[in-house]
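Reader: Please present the assembly and take me through its contacts, partner by partner.

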Number of protein chains: 2
Amino acid sequence: MEMIEHDKRKCPSHLSGDECTARLLPVKDALDILSGKWKLQIILSLTFGKKRFKQIQREIPGLTPKMLSKELKELEINELASRHVYDTSPVTVEYELTPYGKTLRPLIGELHKWGTKHRKRIIARK
Amino acid sequence: MEMIEHDKRKCPSHLSGDECTARLLPVKDALDILSGKWKLQIILSLTFGKKRFKQIQREIPGLTPKMLSKELKELEINELASRHVYDTSPVTVEYELTPYGKTLRPLIGELHKWGTKHRKRIIARK
DNA sequence: TATACCGCTTTCCTAAAGTATACTGGTATC
DNA sequence: GATACCAGTATACTTTAGGAAAGCGGTATA
C-alpha cells in the first residue's frame, strides 16, 4: 500500500515555532485570568456592584474563605478588582471591579455566545 | 464608628442565584474547551492544515503521546477536530479541524486581543 | 532475526489545585 | 464573661492535572 501525500505545513513560513507559541501567550494570559473554579462567579458577583468579603462568600455556595481570599488577591494583582478598607467596626472591606476589570465583559460575552451554541450542539447530538 | 451603607444587589432581581450560575455554564464550557496545557497549541497546529499524530507531537516540544491522545479525543468528542484513518503501512492517522472547530478562531482572536492589552498593562507597570 | 516506524495505551509518580477545619485579632452585643 | 460578627490566615488533607517510561500490534526495512 502506498503512502499518502502529506501536507508539510506547520506554521506559516514567516513564523518560527517559537513565534507561534509567542502568539499564544496573550491568549493563555487571558485564559488564566478567567480559569479557576471560582473566578467567573466572583467576577460576576462583582459586576452587580461592590461587595464585602462575607457577602461574596454567602452568594457563592461552597466557596471557602481561603479560596475567596486567594482569588480576590489575583484579581487585585491583575488590577481587575480593587479593595477598599473602611475603619468601621467590625471592619468593612469592599471589593469592586475596576474600570479595567469591566473590559472583561465583552470577552466573557464572546465566551458566552460560543459556549451557548456549543451547548446546544452537544446536547442536541445526544 | 458607624456602619457604611451597603449595596445589597447580588444578581439583578429577575435572576435567582441559580440562574446566575446557569448563565455562567456556557462560559465555563467555552473555557474548558480551550484550557489545559496543550489544547491551544494543538488547535493552532491544526489550523495550518491536517496533521498526523507524530507530526503534531514533533511540532510541540514536550508533548507526550498520552497527553496528545487525550486532548485529541476531547477535541473529537466536541466535534472540533476529526480523525481519519488510512489503511497504509505504517498506518496513517490524520487529524483535522472541522468547520465547526474553525468557529473558535474569532473567539481565540478576542482572547488574544484582550490578552495582548493585558500583557502590555502588566509589564508596563513593573 | 533485529531494528525501526506509526499510533497509540498502561502504569506509576509528582505537582498543583482545591477542600475541610480550625483559628486569629479586633469590636460589639447579651 | 460568653458569644458573635468581620475579614481573613494556617494547617492538613484529598483530588485532579500532567509527566516519565515502558510496552503493544502491525508493518517495513537491513
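The questions below treat the protein interface and then the DNA.

Author: This is a predicted model, in which local features need pLDDT of at least 70, side-chain atom pairs count only at pLDDT 80 or more, and totals for chains, interfaces and linings use all residues. Residues are numbered from 1 along each chain as its sequence is written, chains are lettered from A and ligands numbered from 1 in the order in which they are written, and side-chain values use heavy atoms, with hydrogens and water left out.

Reader: What area is buried between chain B and chain A?

Author: Contact means heavy atoms within 4.5 Å, and 63 residues from chain B and 62 residues from chain A take part. Buried area is the accessible area (1.4 Å probe) that two parts lose on being put together, summed over both. Carbon and sulfur atoms give 64% of that area, which is about 5,900 Å².

Reader: How many salt bridges does the rule find across the interface of chain B and chain A?

Author: The rule asks for a side-chain nitrogen of Lys or Arg within 4 Å of a carboxyl oxygen of Asp or Glu. Arg121(A) and Glu79(B) form one such pair, with their closest N and O atoms 2.8 Å apart. Across the interface, the number of salt bridges is five.

Reader: Which element gives the largest share of the side of chain B that touches chain A?

Author: Helices (H or I, at least four residues) and strands (E, at least two) are DSSP runs, numbered from the N terminus. Elements giving two or more residues to this side include helix H1 (17-34), helix H2 (39-47) and helix H6 (104-125) of chain B. The largest share, 15 residues, comes from H6(B).

Reader: Which element gives the most to the surface near DNA strand C?

Author: A residue is near the strand if one of its heavy atoms lies within 4 Å of it, and 22 residues surround DNA strand C. Helix H4 (65-77) of chain A is among the elements that give two or more residues. With four residues, the element that gives the most is H4(B).
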